[in-house]
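I opened a new notebook page for this structure.

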Amino acid sequence: MMFSLKKQISRFLIGAILILIALALTLLGVMVQNYQRRERSNHQEEMDSYAETLNNSILQLNDTVGEIYISNEAFDSLKNALSDADTYESVYELLTLFRIQVRSVQNLSGLFTFYNNGDNQVYYVREDMSFEDKEFLKNEGKAILESLSYNYGNMVFEAGDEIYYSVMMKKSLVTIMGVVSLSYGLPESTGEGETYGILYDNQFYGVSGELELTADECASLAPGWATISGRVVYVQKLESYDISVVKILPQSLWLYVSAVHVIVLALFFALVVVLCYLYRFIRNQVTAPLEDMTETLGQLQMGDWEIEFHAPNRLIEIEDVRQTVRLLLQEIEQYKIRSYEERLEMQTTQLQYYKLQLAPHFYTNCLKNAYYMLMLKEYESAERFLMCLSAHLRYLLQKDVSLVEAQKERDFVENYIKLQNLMGRRQILCELYIADDLPEQEIPILSMQTFVENSVKYADDTGKRNISIHISLRKLIIEGQEVLDMRVTDNGIGYPEEVLHMLNQSEPVEEKNLGVGVINLLSRMRIQYGQEAGWYFENENGAVSELFIPVKKRKEPAQ
């Protein structure tokens with residue numbers, strides 16, 4: 001089934017763009033979801049850490065205050081009428097205990113004792129507590145004491161920039177109060193606009209930040225996270241107390257996407273624009289010239305040699321191929337014009353070989369490979385491919401050349417291997433050995449190339465991943481005559497038995513399109529060297545081909 005190159009390019013690029021859009025949007029969606037999940041997890045972890053610290057602080061506060069309330073004799077003695085000396089001794093003992101507790105208990109901000117119905121106090125607070133906060137707590141504790149109807153109570157104080165949680169225990173006319181700062185346990189660094197606070201008795205107390213919650217908003221909060229009035233609120237209830245830790249974030253784009261996502265989205269749109277430009281470029285600068293070239297080569301198949309390329313072109317590589325094709329046609333025309341009867345057989349054989357090598361489908365395959373390389377933006381590979389193709393054609397189109405130096409034939413074979421490997425069907429490994437004294441020795445043109453092409457042509461039947469070819473050129477003495485021994489082996493399926501029998505004849509003749517290239521080479525050798533040339537073919541883990549060429553001795557065609 002044949003396909004239109006232009007339609008295939010359009011379908012491929014449009015499909016690639018649609019697939020790219022789908023993949024990019026899917027990838028971006030997954031990235032955004034993972035980012036949001038990770039951000040929520042980070043916020044929740046910070047909330048859990050703060051809540052755990054606060055919960056432990058309040059537990060320690062309750063334990064410390066409760067232990068003094070239950071078992072401390074100095075605190076218990078203050079409820080009785082004491083002499084001034086006994087009172088001083090109890091107060092001094094309590095002050096010493098308070099100092100030890102505040103300094104040793106983590107996050108404990110201060111301890112207060114009110115006696116004589118609150119008229120007198122003994123207290124100790126952390127050194128970093130301001131004088132204003134200390135006086136506020138002392139006065140606020142005394143005021144609460146007057147309204148305390150039970151032996152136990154707790155309260156949240158706002159003192160300056162600090163929020164304190166207090167526990168009070170009353171025994172007769174003596175009350176002990178302990179306080180902890182609710183700012184203990186806050187993350188070391190918070191994001192811009194973030195606010196931390198606590199929810200106590202349906203009232204919000206801001207510990208850090210400037211955002212606030214109304215009473216109605218506080219009443220609607222539940223553990224977890226929610227969006228309220230354009231803000232994202234996280235709530236974590238303490239395990240042991242009717243207190244919840246609250247984190248408020250201002251609603252913004254960066255809660256849902258990061259700068260990386262914005263950059264990825266921008267790059268995606270830029271890539272779509274580039275693909276659209278690439279589609280236009282390929283359509284105008286690659287597809288159109290290739291279609292024109294294909295039509296022109298089709299004219300060659302129809303026997304019309306008067307051809308011309310019409311599509312505009314600005315690619316050096318394609319223009320190089322055009323020029324090579326023009327040169328090819330000029331050379332072929334010259335070969336058609338030559339009518340020397342003395343060299344008719346040689347020219348007929350050579351032209352047959354060239355036609356086999358220069359069939360339009362060969363160019364089409366090469367140009368299609370070049371096109372796919374350009375479409376995939378493999379510009380360096382495409383440039384190397386077209387340069388190899390140009391070198392290949394230049395070698396084939398040498399004028400009136402029947403013999404070449406062994407080194408030049410070797411270079412041509414290596415260039416052909418590069419060309420085939422760039423086409424990428426399968427890897428071709430070729431080891432080529434020429435004895436040190438033979439690089440300048442003349443051999444029939446395409447003598448090595450014929451067997452390499454033969455190995456490549458039948459490689460698909462081997463089922464092997466790689467094609468391995470070995471070529472050697474050395475001197476031998478056969479019956480006292482110095483000859484060149486060219487031996488070519490491969491790892492293919494070998495020659496069919498009928499072909500092998502035919503090739504080993506002294507004058508092989510083509511039958512049923514078998515061995516065309518090899519028979520062409522043997523015919524040229526017979527014309528060039530007469531009966532002094534020889535050959536032998538066999539199968540041994542692949543095809544084995546061996547030519548025997550006289551050294552520096554040629555038979556010139558009769559004039």
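These entries record what I looked up, in order.

**Model.** I am working with a predicted model.

I traced five strands in an open sheet, and their order is 12-14-15-17-16. The pairing is mixed. I then looked for the edges: they are strand 12 and strand 16 (534–539), each pairing on one side only. From one strand to the next, the twist averages 15°.

**Inside the sheet.** I checked strand 15 (residues 481–490) against strand 17 (residues 543–550). They run antiparallel, joined by seven bridges.

I found helix 11 (residues 406–423) lying across strand 12 and strand 14 (466–478). Helix 11 runs at about 170° to strand 12. Helix 14 (residues 516–529) lies across strand 16 and strand 17, at about 15° to strand 17.

**Glutamine 427.** I placed this residue in strand 12 (residues 427–434).

**The hairpin.** I turned to strand 6 (residues 195–200) and strand 7 (residues 203–208). They pair in the antiparallel sense over five bridges. Isoleucine 198 stands opposite tyrosine 205 in strand 7. Two residues lie between the strands of this hairpin, and aspartate 201 takes a positive phi near 55°.

Methods
Residues numbered from 1 in each chain as written. Predicted model: local features only at pLDDT ≥ 70, side-chain atom pairs only at ≥ 80, totals over all residues. Heavy atoms only, no water. Helix = DSSP H or I, 4+ residues; strand = E, 2+ residues; numbered from the N terminus. Pairing = 2+ DSSP bridges. Axes fitted to C-alpha atoms, helices over the stretch in contact; angles between N-to-C directions. Contact = heavy atoms within 4.5 Å.
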